[in-house]
Amino acid sequence: MMPAAALDIILLESHEAALRALLHRENGSEAAAYVLFGKAEIAADPWSKQPRIRLISHEVVPITSDEMVSSSSVHVTWSTQGFMRLLGLAQRRNLVPALVHTHPGAGAFFSDQDDRNEAELARTAINKGTRGLASMVFGQHDAIVGRLWTSAKIFTQASSISIVGGKINIQRMQPEVSETAVLARQAALFGKGFNPIVQALRVGVIGCGGTGSAVVSLLTRLGVGHLALMDNDTIDTTNLNRVHGSRAADVPAKLAKVDILAREIEACGLGTQVVTRRAWVGEPSLRDVLRSCDVLFGCTDDNQGRLTLNRLAHYYGIPLIDVGLRMRSAKSGVDYDMTGRVTTIRPGNPCLICLGVINAQRAAAEGLQRNDPAEFERRKAEAYVEGGGDPAPAVVTFTTSIACVAVDELIQGLTGFRGQGGMTHNRIRRFDRVEDRSMTCQPIPTCPVCGTEATWGRGDVNPFLGVIG
C-alpha cells in the first residue's frame with residue numbers, strides 16, 4: 001500500500017494579497033473566496049523517498065456579492081451557483097478548485113461544520129471530474145491552514161504553506177528543529193526563529209562548478225537542512241582551483257562534481273541531508289527533485305538549462321536565484337570587463353528572456369550538441385551554429401564573491417534584513433570598477449514565459465512545462 005502523499009501549498013504573493021483584500025470585513029464577519037490551483041504530483045520526494053503533492057495558486061476567483069447569503073463572526077454561507085462554474089473551469093483547465101474562508105476572531109483551523117460542508121462539496125467536485133478539492137482557512141495573526149480532499153471521506157492536511165514573491169515565507173506544520181550552538185551566532189542576528197526555517201529548507205543547486213560549489217558551501221554552513229545537487233560534469237584540471245572541496249587526486253579519479261561536494265557536506269557534520277544527481281537539468285529524471293524544492297539556485301552556464309529553470313520557476317512558483325559571470329581580459333586599448341550577475345525570478349518580475357540573459361539561438365545549438373553531436377559538428381563546420389570556442393576566463397575570488405551575493409538574496413527573502421522591498425530582481429557587480437548596482441527592465445508583452453500570467457502556478461502540464469520536443 002502506497003503511503004499518503006505529503007502536501008505543500010504555495011500561494012503566490014499577489015494571490016495572497018488579493019485574498020486578504022477580498023476576505024477583509026470591517027465588521028469582523030467571516031468571508032469567502034475561491035482559488036484555482038495548479039498541481040504537482042511528485043512520485044518520490046528525493047529526501048524522504050515518499051510521494052508529495054504541491055498545490056500552487058494560479059488564479060483567485062471572487063465570490064460575487066449577489067452570491068453571498070449571510071455571514072457573521074462565526075459563519076459564512078453563499079450560493080453554490082458560482083461553485084459549479086468554478087468546477088467546470090477547473091475541469092476544463094485541469095486545475096484544482098479551492099475554497100478559502102476566514103476565522104477573523106479565532107485561530108486558523110477547520111471546524112466540525114467545515115468538515116461536514118467540505119465533504120459534500122468534495123463529493124460534488126470529484127464527481128465533476130476535478131483533481132480534488134482544496135480548502136484553506138485564514139485565521140488571526142496571519143495564520144493559515146490548508147488541506148486537499150481526494151474523496152468525500154479522505155483529505156490530507158498541508159504540512160507546509162508558503163507565500164512566495166519578494167519574500168519567502170514558509171509556515172511548517174511540524175515541530176521546530178531545536179537550536180544548536182553551531183548556528184547560535186546567526187540566530188543572535190536574525191532571531192531564534194531563523195535557524196529552524198533554514199534547517200527545514202529544501203534547496204536545489206543546479207551547476208556545481210565555481211559559483212555552484214561556493215553556493216553549496218555557503219548554504220551548508222548557513223544550516224540549510226536539505227540540499228539537492230545537480231550537475232553532469234566531472235572535475236578536471238582547469239576547474240580544480242575554483243570548485244570548493246575539490247582535491248588534486250579527484251582529477252585522475254574522474255570524480256563527479258556533485259560527489260565531491262557531497263563528500264564535503266558530509267565532512268562538515270552539520271546535519272545537512274544531501275542528494276546528488278549526475279544529470280543535465282532538462283532530463284526527465286530530475287523533475288521530481290526540482291519540483292520538491294523550496295528554492296532553486298541556477299549556477300549553470302548553458303542557455304538551454306537556464307530556459308528550463310526559467311519556465312520551471314513560473315509553472316511551480318519556486319523562487320529561482322540565477323547566477324552568472326562575464327569575464328573579459330584586458331587587451332590593447334580595451335579595459336578588463338569582470339561582471340557578476342544575480343537575478344531572482346519570482347512573481348511580478350521580468351524573466352531571464354526579457355532581461356536578455358538567455359540567448360535563444362545558443363540554447364538551440366546547445367540542445368543540438370547534446371542530442372545530436374554529429375549534426376552539431378557538421379553545422380558548426382558550416383558556420384550555422386556557434387560553439388566549441390576557448391573556455392571563458394574565471395577566477396575563484398570572483399566566482400565565490402558572486403555566490404555570496406546570491407546567498408545573501410536568499411537571506412533577504414527569508415528575513416527582510418535590507419528592508420521591506422524583498423529580494424532584488426537583478427544585481428550587477430562590476431569587479432573591475434568596484435561597483436554594485438541593481439537594474440531591471442519591463443516584461444516583454446510577447447514573452448512566451450512571463451508575457452502572460454497563464455504560466456505562473458500552472459503546475460503539471462503535458463508536455464512538461466508546455467515545451468514540445
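Reader: Cys441 first: buried, partly exposed or exposed?
Author: Partly exposed, with a relative accessible area of 24%. Buried means under 20%, exposed over 50%, partly exposed in between (1.4 Å probe, protein chains only). This is a predicted model: local features need pLDDT of at least 70, side-chain atom pairs count only at pLDDT 80 or more, and totals for chains, interfaces and linings use all residues. Residues are numbered from 1 along each chain as its sequence is written, and side-chain values use heavy atoms, with hydrogens and water left out.
Reader: Switching to strand E10. Why call it largely enclosed?
Author: Because five of the five residues in E10 (residues 160-164) are buried. Strands (E, at least two residues) are DSSP runs, numbered from the N terminus.
Reader: Which residues sit on each side?
Author: Ser160, Ser162 and Val164 are on one side of E10, Ile161 and Ile163 on the other. Both faces are covered.
Reader: What about E1 and E10, parallel or antiparallel?
Author: Parallel, with five bridges joining E1 (residues 6-12) to E10. Strands pair if DSSP finds at least two bridges between them. Ile9 has Ile161 as its bridge partner in E10.
Reader: And how does E11 run against E10?
Author: Antiparallel, again through five bridges; E11 covers residues 168-172. Val164 stands opposite Ile168. A hairpin of three residues joins E10 to E11.

Methods
Helix = DSSP H or I, 4+ residues; strand = E, 2+ residues; numbered from the N terminus.
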